[in-house]
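Reader: I have a sequence and a structure to read. Please take me through them by question and answer.
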There are 2 protein chains.
Amino acid sequence: MNIYDVSRKAGVSIATVSRVLNGSPNVSERTRALVLDVMDELGYTPNVFARGLGLGTIQTIGIMCSDSSDPYLAHAIYYLEQGLRAHGYDSILCCTGNSLETRQKYFNLLRSKKVDAIILAGSKLVEMEPEDNRYIIDASKSLPIMLVNGCLKGENIYSTVCDDRAATHEATSKLISSGCRDILYVYTSHSYSGVNKLKGYQDALTGCGLPIREPYIRRCPKDVAAAREMLLRLHGCGLKFDAVLASDDTLAVGAVKYAHAVGRGIPDSLSIIGYNNSSYALCTDPELTSIDSKIEDLCTATINTLMGVFNGSNVPSRTTIAADLIKRATTKF
Amino acid sequence: MNIYDVSRKAGVSIATVSRVLNGSPNVSERTRALVLDVMDELGYTPNVFARGLGLGTIQTIGIMCSDSSDPYLAHAIYYLEQGLRAHGYDSILCCTGNSLETRQKYFNLLRSKKVDAIILAGSKLVEMEPEDNRYIIDASKSLPIMLVNGCLKGENIYSTVCDDRAATHEATSKLISSGCRDILYVYTSHSYSGVNKLKGYQDALTGCGLPIREPYIRRCPKDVAAAREMLLRLHGCGLKFDAVLASDDTLAVGAVKYAHAVGRGIPDSLSIIGYNNSSYALCTDPELTSIDSKIEDLCTATINTLMGVFNGSNVPSRTTIAADLIKRATTKF
């Protein structure tokens, strides 16, 4: 018995049931009476959405991420926890690793705790195969699912994403304007975010009449040494590149170390752009130009949307936030 | 009404009451009968410690830290969450910032949730002034308090610490053996851990017959740029130093950048040692020699101790774990 049963039986949307539960004025008296009657009939006790009534809620949100020690996710968790706390919510943290099976297990565990919502932090928690996300869509029938920098369609699923495609488009265009022609794109994952970053890079090349060349698109583990070694190998094979655009600062740090190892000047002989504008960007000499993916803004927007859902407000199912290109010393612009 | 009332009334220790609750064989029949009688008399329902009975527990541990986006604490939270999950416990995370007032507020909030224990992650959550830790000691009368890399005395308080003093002693001694005489010690905090790191540095100097000089002991915010600027300033003032021992890798990265800025060779003209062996240590050229403070081991030991407390086992109130000196390219040894 849940809000969906009430919605179905009354023939109104979930948002409407939620508004009734919260005493919102944006419901006609006729509808309000109908919904309340159906609730009585079904013996429904408001829970998840019943913020205004303060009933049946544990004021706790489940936060899932693959690995809270990853710097990007560590910041996400920090901002989410702080933001939820400010609204009076506790956060139960689940670090799931990268196996789908473990993720499903922890997801169901959180559901069994009757958390008020689940936040999935990080692009990698959404699978490429639609069937593999079925458990999330099914769960959204009984509680709101919030995605931070991930995207999945479903009635009670809300995504907040960074406009990664526009960001890498801008970065690549700037590299081209500053004279680079052989831009290596190095990335770690085929996630939603990963796919968009790659598209932005390709868009910019095409827009400038430059070819998209497979040898210039390279996957690499998210690891400084792995990136350095891969670039040394490509260098050894004679691949010519005058810029590296990386999907993560870690890889960009590896590019700086590659340049040092072979004696290439930065940015004169090699331009480098990282992603996430993490503290790694400040560790290298020269410091990294990097794309700020606005994780704090993403988390704030996610929480605002969630509070809107709880309050029965009309909230967008998808919020997009623009990235910023932070110029430092590894680029000529 | 709690386990302490039972303990007091029965005239036995809390550990004994806990053993009775868990059906441990290490209790005499006479004592067992006495404790059970007192429980009946007081109308006591087992909660926090009653693992074996599976009653009155929410199987949830509160984890407090100042800032989960700090890399050291981010790893601590990751290992704690994973370890607790493996034992069937949820983790409620609280990021408290650095104000004592906020910490107390969140601490009491966790207590009001009836969590089974509270883990304080990070040395900075214990104050220098005993009176300021009173709220922790008071709370330990009703639930176990676990400290990760912090130290506080109390009957139901358990500390797991890294032997920071031995670690900086070894590092400083190695610097001296490799020819360094003017070793700058740069640190961020006067926490329990901070004080021990400083003592280890001083011990080593004294042990080698070298003087302890105030101008060589410098406090600095935990920030790459701040450390770099401070060293540039000291350099400008004419202070001679041939090594930097830092209480955090961030500061050591700043030292590498200072050396690059003034053209000093590493390690020939300047040796550098960081602390925590974080991913920052791999970002610089050359890579940092760093002290591995074994955060994973600390977290594992903390959880083992906590499970021991829940099971009524005899557990040490303090566990000390040795650090490792990881040699890379910023030192001559």
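Author: The expected span of a helix is 1.5 Å times one less than its number of residues. Helices (H or I, at least four residues) and strands (E, at least two) are DSSP runs, numbered from the N terminus. This is a predicted model, in which local features need pLDDT of at least 70, side-chain atom pairs count only at pLDDT 80 or more, and totals for chains, interfaces and linings use all residues. Residues are numbered from 1 along each chain as its sequence is written, chains are lettered from A and ligands numbered from 1 in the order in which they are written, and side-chain values use heavy atoms, with hydrogens and water left out.

Reader: How far apart are the end C-alpha atoms of helix 9 of chain B?
Author: Helix 9 covers residues 224-236 of chain B, which is 13 residues. At 1.5 Å a residue they should span 18 Å, and the distance between the end C-alpha atoms agrees, at 18 Å.

Reader: Which residues of helix 9 of chain B are buried?
Author: Buried means under 20% relative accessible area, exposed over 50%, and partly exposed in between (1.4 Å probe, protein chains only). In helix 9 of chain B, the buried residues are B:Val224, B:Ala227, B:Met230, B:Leu231 and B:Leu234.

Reader: Why are they on the same side of helix 9 of chain B?
Author: An α-helix has 3.6 residues a turn, so residues three or four places apart point the same way. The arc is taken from the directions from the helix axis to the C-beta atoms. The buried residues of helix 9 of chain B are on the same side because they cover an arc of only 135°.

Reader: Which exposed residues does the other face of helix 9 of chain B carry?
Author: The buried side of helix 9 packs against strand 6 (183-187), strand 7 (217-219), strand 8 (243-246) and helix 10 (249-262) of chain B, where contact means heavy atoms within 4.5 Å. The face turned away from that side carries the exposed residues B:Arg233 and B:Gly236.

Reader: Which residue with positive phi follows helix 9 of chain B?
Author: At the start of the helix, a side-chain oxygen of B:Asp223 comes to within 3.2 Å of the backbone nitrogen of B:Ala225; a polar contact is a pair of N or O atoms within 3.5 Å, and within protein one must be able to donate a hydrogen and the other to accept it, while residues adjacent in sequence count only if both atoms are side-chain atoms. After the helix, with a phi near 90°, comes B:Gly238.

Reader: How many disulfides are there over all chains?
Author: A disulfide is a pair of cysteine sulfur atoms within 2.5 Å. By this rule the count over all chains is 0. For A:Cys180, the nearest cysteine sulfur is that of A:Cys208, 12 Å away. For B:Cys220, the nearest is that of A:Cys283, 14 Å away, so B:Cys220 is in none, and the count stays at 0.

Reader: What kind of axis relates the two copies?
Author: Copies are superposed by least squares on the C-alpha atoms of residues with pLDDT of at least 70 in both. Chain A can be laid on chain B with an RMSD of 0.1 Å by a turn of 180° and a shift of 0.0 Å along the axis. The copies are therefore related as by a two-fold rotation axis.

Reader: Is B:Asp90 buried or exposed?
Author: B:Asp90 is found in strand 2 (residues 90-95) of chain B. Its contacts beyond four places in sequence include A:Ile92, A:Leu109 and A:Lys113. Because its relative accessible area is 1%, B:Asp90 is buried.
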